[in-house]
Amino acid sequence: MAEAGSTQRGRGWRRVVPLNVRGDIVLGLVVVVLTLVGAAHVSPWLDEAATANIVSYPTWDMTQLWTASRWWFKGVDVALAPYYLVVHQWVRLVGISPLTLRLPSVIAAGVGTAVMAAVGRRLVGRRGQLAYATCYGLLPRTTAMAIEARPYALSSMFMAAALLFVVMARRKLAWWGWLLLVMSMVGAVAMQLYAAFPIAGLVVASWFFLKGRARWLVTIAAAFSAAILSPFLWLSYQQIGQSSWLADQKFSLANRFLVESWATSRVNAAPTVTDLTPGRVALAMAVIAGLLIVLVIVASRGRGLARLGIASIPLVLSVGTMWILALTSMPVFASRYLSSAAPFGDVKASKQHGARRRAVERMPRWA
């Protein structure tokens with residue numbers, strides 16, 4: 001009787017979240033509902049106030065922020081111009097309020113979760129669908145960015161889409177799939193410049209994951225995306241000095257690296273004991289996660305270790321580059337810069353989940 005009841009519950013769960021696109025969408029909607037609660041209650045902060053102020057202007061007046069003359073971009077915040085233009089058109093339809101400003105980020109978190117569920121479903125099956133969606137949708141970095149009127153959740157969503165199309169390239173990918181891959185890469189970097197690092201890692205990993213012509217096509221897609229973005233990247237680089245004043249702010253690199261990168265993005269200038277508590281909890285969780293990784297590797301006796309290393313390339317390249325820049329040439333390391341790497345943290349987490357023998361046997365070369 002107990003076994004029959006368990007079977008019935010399993011069938012009921014499969015009906016709610018089937019192993020298909022509809023199941024992916026259901027998982028995405030769950031994250032939309034969860035983040036919508038936070039987006040509706042959390043008070044706006046300084047950067048969100050800047051978003052509200054800029055997008056509220058008429059289109060021509062808003063573009064004057066980025067242009068010093070009618071024909072040349074030489075103002076400030078060019079790096080955020082694509083995001084501001086998107087939200088500007090959005091609020092023209094729905095109006096401006098803290099919730100409506102955050103809705104694009106909420107939707108992006110839900111779409112990103114659905115896309116990552118599709119990635120897991122294609123690579124691992126039922127277990128992967130649930131694990132990828134859970135790891136991505138409930139990652140503190142994802143939920144933190146989902147309740148902010150800033151571009152980082154959108155960048156992460158586009159990055160997840162780029163990952164999905166690369167996974168689809170394992171089999172024959174139609175021309176529209178390659179076009180969407182280029183658009184995803186462009187969208188990720190347009191929303192957040194530092195998304196270029198995980199994209200580079202994705203291209204490198206694809207040479208281990210894909211075979212034959214697909215490797216070259218992914219590389220060409222990335223090169224084509226870079227060509228499209230080159231004027232935008234150059235203009236943004238010209239304004240990199242506008243944030244140099246942040247270097248005078250006091251902050252702990254250890255806290256930024258180990259805690260804020262995945263747990264939060266806002267820290268008071270003069271933190272109280274209460275403010276420090278979430279950080280300590282996050283640090284404890286990071287230690288526990290590290291121990292779990294070691295235990296899984298030991299328990300699996302090294303099986304799948306090479307695949308874990310390949311899957312970690314985009315994450316290591318993006319996070320490692322940001323840390324090196326923070327320690328050498330760029331004194332300011334904002335934790336939200338790592339948001340676009342969230343899909344690859346999800347892939348790495350799923351590797352831990354798939355360390356059991358059956359999962360390892362079912363996983364492809366980079367799955």
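User: In this predicted model, at what angle do helix 10 and helix 12 pack, and which orientation class does that give?

Analyst: In the predicted model, helix 10 (residues 175-191) and helix 12 (residues 213-238) have axes 9 Å apart, and the crossing of helix 10 and helix 12 is right-handed. The contact draws on residues of helix 10 including Trp-178, Leu-181, Val-182 and Met-185, and on residues of helix 12 among them Leu-217, Val-218, Ala-221 and Phe-224. The packing angle is about 40 degrees, and because angles under 35 degrees count as roughly parallel and those from 65 to 115 as roughly perpendicular, helix 10 and helix 12 are classed as oblique.

User: Is Ser-155 buried or exposed, and which residues does it touch beyond four places in sequence?

Analyst: Ser-155 is found in helix 9. Because its relative accessible area is 0%, Ser-155 counts as buried. Not counting residues up to four places away in sequence, Ser-155 touches Ala-188, Met-191, Gln-192, Ala-195 and Ser-340.

User: How are helix 11 and helix 12 oriented to each other?

Analyst: The axes of helix 11 and helix 12 lie 9 Å apart, and the two helices pack at an angle of about 170 degrees. The contact is made by Val-203, Ser-206 and Trp-207 of helix 11, together with Arg-215, Trp-216, Val-218, Thr-219 and Ala-222 of helix 12. Since an angle over 145 degrees counts as roughly antiparallel, helix 11 and helix 12 are roughly antiparallel.

User: What span should the 14 residues of helix 11 have, and how far apart are its end C-alpha atoms?

Analyst: Helix 11 (residues 196-209) includes several buried residues, among them Pro-198, Ile-199, Gly-201 and Phe-209. At 1.5 Å a residue, the 14 residues of helix 11 should span 20 Å, and this agrees with the separation of its end C-alpha atoms, which is 20 Å.

User: What is the orientation of helix 6 relative to helix 7, and what is the handedness of their crossing?

Analyst: The axes of helix 6 (residues 98-123) and helix 7 (residues 126-137) come within 7 Å and cross at roughly 150 degrees, so helix 6 and helix 7 are roughly antiparallel to each other. Residues making the contact include Ala-109, Gly-112, Thr-113 and Met-116 of helix 6, and Gly-128, Gln-129 and Tyr-132 of helix 7. The crossing in which helix 6 passes helix 7 is right-handed.

User: Where does Leu-338 lie, and what distance separates its C-alpha atom from that of Tyr-194?

Analyst: Leu-338 lies in the loop between helix 16 (313-327) and helix 17 (342-353), and because its relative accessibility is 2%, Leu-338 counts as buried. Leu-338 and Tyr-194 are 144 residues apart along the chain, and their C-alpha atoms are separated by 7.7 Å.

User: What is the relative accessible area of Trp-90, and which residues is it in contact with beyond four places in sequence?

Analyst: Trp-90 is found in helix 5 (residues 81-94), and its relative accessible area of 25% means that Trp-90 is partly exposed. Trp-90 and Leu-101 are eleven residues apart in sequence, with a C-alpha to C-alpha separation of 8.3 Å. Leaving aside neighbours within four places in sequence, Trp-90 is in contact with Thr-100, Leu-103 and Pro-104.

User: Among contacts between residues at least 6 apart in sequence, what percentage join residues at least 24 apart?

Analyst: The protein has 18 helices and zero strands, and buried residues make up 45% of its 367 residues. Among contacts between residues at least 6 apart in sequence, the share joining residues at least 24 apart is 77%.

Terms used. Residues are numbered from 1 along each chain as its sequence is written. This is a predicted model: local features need pLDDT of at least 70, side-chain atom pairs count only at pLDDT 80 or more; totals for chains, interfaces and linings use all residues. Side-chain values use heavy atoms; hydrogens and water are left out. Helices (H or I, at least four residues) and strands (E, at least two) are DSSP runs, numbered from the N terminus. The expected span of a helix is 1.5 Å times one less than its number of residues. Buried means under 20% relative accessible area, exposed over 50%, partly exposed in between (1.4 Å probe, protein chains only). Axes are lines fitted to C-alpha atoms, for helices over the stretch in contact, and angles run from 0 to 180 degrees between N-to-C directions. A crossing is left-handed if the near helix is turned anticlockwise from the far one by less than a right angle, and right-handed if clockwise. Contact means heavy atoms within 4.5 Å.
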